[in-house]
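Subject: Structure handover and notes

Dear colleague,

I am passing the structure below on to you, together with my notes on what was found in it. Please read the notes with the sequence and the coordinates open beside them.

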Amino acid sequence: MGIEEKLPSGFLLTTVEKLAGQVRANSLWPATFGLACCAIEMMATGAGRYDLARFGMEVFRASPRQADLMIVAGRVSQKMAPVLRQIYDQMPEPKWVLAMGVCASSGGMFNNYAIVQGVDHVVPVDMYLPGCPPRPEMLMHAILELHEKIKATKLGAQGAKHSAQVESVALEAVPTHQMKGLLR
């Protein structure tokens, strides 16, 4: 005998956090940040065959001030890293980052001085998508997984504190070129 049985039909019970999470997850506006071959797969995902509009992502935004999801598709060079960070800083809160492809996630096969060995050294990453290049179906799956993560995001001071803590931990990580072991 719960409160649900006492209410007339048509009433929906939920918390504000769950409602806000549902709304945020189903209205993501991605920013275009295609850098290499993964960008072709990202464009294919936005086309008619895969149709990201089903998930509320009709238009890829060219302005970071209109976007809340950055999909970093491809390898990031050392020259591009400050630009990536600047675009990330211009995005309004709350914002999420998806590293698409093995090059964005870990530098891929380019273990040299010119390529950032993982975009998580520049911006905090919420979801990693492996593959070289990942298929559009994989990108859609990663976006759906990110939706679940967004729905569980806290609101208010607790959410801001948690996101600041995650960002500081990510930016203080040891760069892969300084790590010892099987990397070299």
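The notes below go from the overall make-up to single residues.

Please keep in mind that this is a predicted model, in which local features need pLDDT of at least 70 and side-chain atom pairs count only at pLDDT 80 or more, while totals for chains, interfaces and linings use all residues. Residues are numbered from 1 along each chain as its sequence is written, and side-chain values use heavy atoms, with hydrogens and water left out.

Overall make-up

The protein contains seven helices and four strands, where helices (H or I, at least four residues) and strands (E, at least two) are DSSP runs numbered from the N terminus. Read from the N terminus, the order of these elements is α-α-β-α-β-α-β-α-β-α-α. Of its 184 residues, 35% count as buried; here buried means under 20% relative accessible area, exposed means over 50%, and partly exposed lies in between, with a 1.4 Å probe and protein chains only. If one takes the contacts (heavy atoms within 4.5 Å) between residues at least 6 apart in sequence, 76% of them join residues at least 24 apart.

Helices H3 and H6

Two packed helices are described by the angle between their axes and the distance between the axes. For H3 (residues 38–46) and H6 (residues 136–151), the axes come within 9 Å and cross at roughly 75 degrees, the axes being lines fitted to C-alpha atoms, for helices over the stretch in contact, with angles that run from 0 to 180 degrees between N-to-C directions. H3 and H6 are therefore roughly perpendicular to each other, on a scale where angles under 35 degrees count as roughly parallel, over 145 as roughly antiparallel, 65 to 115 as roughly perpendicular and the rest as oblique. On the H3 side the contact is made by Glu41, Met42, Ala44 and Thr45, which meet Pro136, Leu139 and Met140 of H6. These residues divide into five nonpolar, one polar and one charged, with Ala, Val, Leu, Ile, Met, Phe, Trp, Tyr, Cys and Pro counted as nonpolar, Asp, Glu, Lys and Arg as charged, and the others, Gly among them, as polar.

H6 also holds Glu145, which counts as partly exposed because its relative accessibility is 37%.

Strand S2

Val72 lies in strand S2 (residues 69–73) and is buried, since its relative accessible area is 0%. When neighbours within four places in sequence are left aside, Val72 is in contact with Phe33, Leu35, Leu84, Val97, Leu98, Ala99, Met100, Ala104 and Val119. For one of these, Met100, the C-alpha atom is separated from that of Val72 by 5.7 Å, although the two residues are 28 apart along the chain.

Backbone features in the loops

A cis peptide bond joins Glu93 and Pro94, with omega about -10 degrees, and Pro94 sits in the loop between helix H4 (81–90) and strand S3 (96–100). The peptide bond from Cys132 to Pro133 is also cis, with omega near -20 degrees; Pro133 belongs to the loop between strand S4 (127–129) and H6. With 36% relative accessibility, Pro133 is partly exposed, and apart from residues up to four places away in sequence it touches Cys37, Cys38 and Glu41. The C-alpha atoms of Pro133 and Ile40, 93 residues apart along the chain, are separated by 8.9 Å.

Asp51, in the loop between H3 and S2, has a positive phi of about 55 degrees although it is not a glycine. Its relative accessible area of 31% makes Asp51 partly exposed.

Lys95 and the rings

Lys95 lies over the face of Tyr88, at 4.2 Å from the ring centre; a charge sits over a ring if NZ of Lys or CZ of Arg is within 6 Å of the ring centre and within 35 degrees of the ring normal. Lys95 is also 9.9 Å from Ser163, C-alpha to C-alpha, across 68 residues of sequence. Ser163 is placed in helix H7 (residues 156–171) and is partly exposed at 38% relative accessible area.

With kind regards
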